[in-house]
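Biologist: Please put the model on the screen. I would like to ask how some of its labels were reached.

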Amino acid sequence: MPTPPIIRFPKWPDIILDLHNIKAGLTIVLPDFDFTLEPIVLPDLPELYLPEVPNLNLNLDLEIPEIPLLPELILPELPDIPSLPLIRLPDLPPPPTLPDLFAALKVIADLIRLITKVMCLLKMIPFAPEWRA
């Protein structure tokens with residue numbers, strides 16, 4: 001069995017963009033307002049004269065008519081509800097199984113997940129390898 005060829009890809013440099021020490025500012029010029037106060041002259045309120053209340057004699061011996069009562073509602077006796085027949089449903093076969101179409105893609109996705117997890121663990125190690133020194 002022949003050995004597979006080894007293809008060397010060029011190494012991309014790690015580009016680190018450090019923005020934590022940027023000293024930038026923005027000057028916003030606001031207009032200067034000059035407030036001049038002027039008095040408001042309000043007219044005098046007119047005098048209000050209310051009419052006199054006439055004397056009112058109330059006769060409290062008024063008779064209130066009685067409210068008639070509604071007749072009592074009597075429902076007739078109803079017959080019993082007939083019982084419903086029990087229906088026997090047929091036993092259904094189990095649903096057909098679908099072929100596993102994405103089994104090959106699942107294996108590739110698991111491999112990619114494993115590789116990215118290993119790469120994340122390597123990036124989190126605080127010590128730099130010797131070949132980077």
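Biologist: Why is Met119 called partly exposed?
Modeller: This is a predicted model, and in it Met119 has a relative accessibility of 44%. Buried means under 20% and exposed means over 50%, so Met119, at 44%, counts as partly exposed.

Biologist: Where does Met119 sit?
Modeller: Met119 is in helix α1, which covers residues 103–124. Met119 also belongs to a nonpolar surface patch of about 740 Å², together with Leu114, Ile115, Val118, Leu122, Ile125 and Phe127.

Biologist: How do you know that the span of α1 agrees with its number of residues?
Modeller: At 1.5 Å a residue, the 22 residues should span 32 Å. The end C-alpha atoms of α1 are 32 Å apart, so the two values agree.

Biologist: What makes α1 hardly covered?
Modeller: The count of buried residues among the 22 residues of α1 is zero.

Biologist: Why is the contact between Lys106 and Asp110 called a salt bridge?
Modeller: The N to O distance between their side chains is 3.7 Å. The cut-off is within 4 Å, so the pair qualifies. Both residues lie in α1, four residues apart, about one turn of the helix.

Biologist: What makes Lys106, Asp110 and Arg113 one network?
Modeller: Arg113 forms a salt bridge with Asp110, with the closest N and O atoms 2.9 Å apart. Salt bridges that share partners join Lys106, Asp110 and Arg113.

Methods
Residues are numbered from 1 along each chain as its sequence is written. This is a predicted model: local features need pLDDT of at least 70, side-chain atom pairs count only at pLDDT 80 or more; totals for chains, interfaces and linings use all residues. Side-chain values use heavy atoms; hydrogens and water are left out. Patches are made of residues with over 30% relative accessible area and no salt bridge: like charges are joined within 9 Å, nonpolar side chains (Val, Leu, Ile, Met, Phe, Trp, Tyr) within 5 Å. Accessible areas come from the Shrake-Rupley method with a 1.4 Å probe; for residues, only the protein chains shown count as cover. Helices (H or I, at least four residues) and strands (E, at least two) are DSSP runs, numbered from the N terminus. Buried means under 20% relative accessible area, exposed over 50%, partly exposed in between (1.4 Å probe, protein chains only). The expected span of a helix is 1.5 Å times one less than its number of residues.
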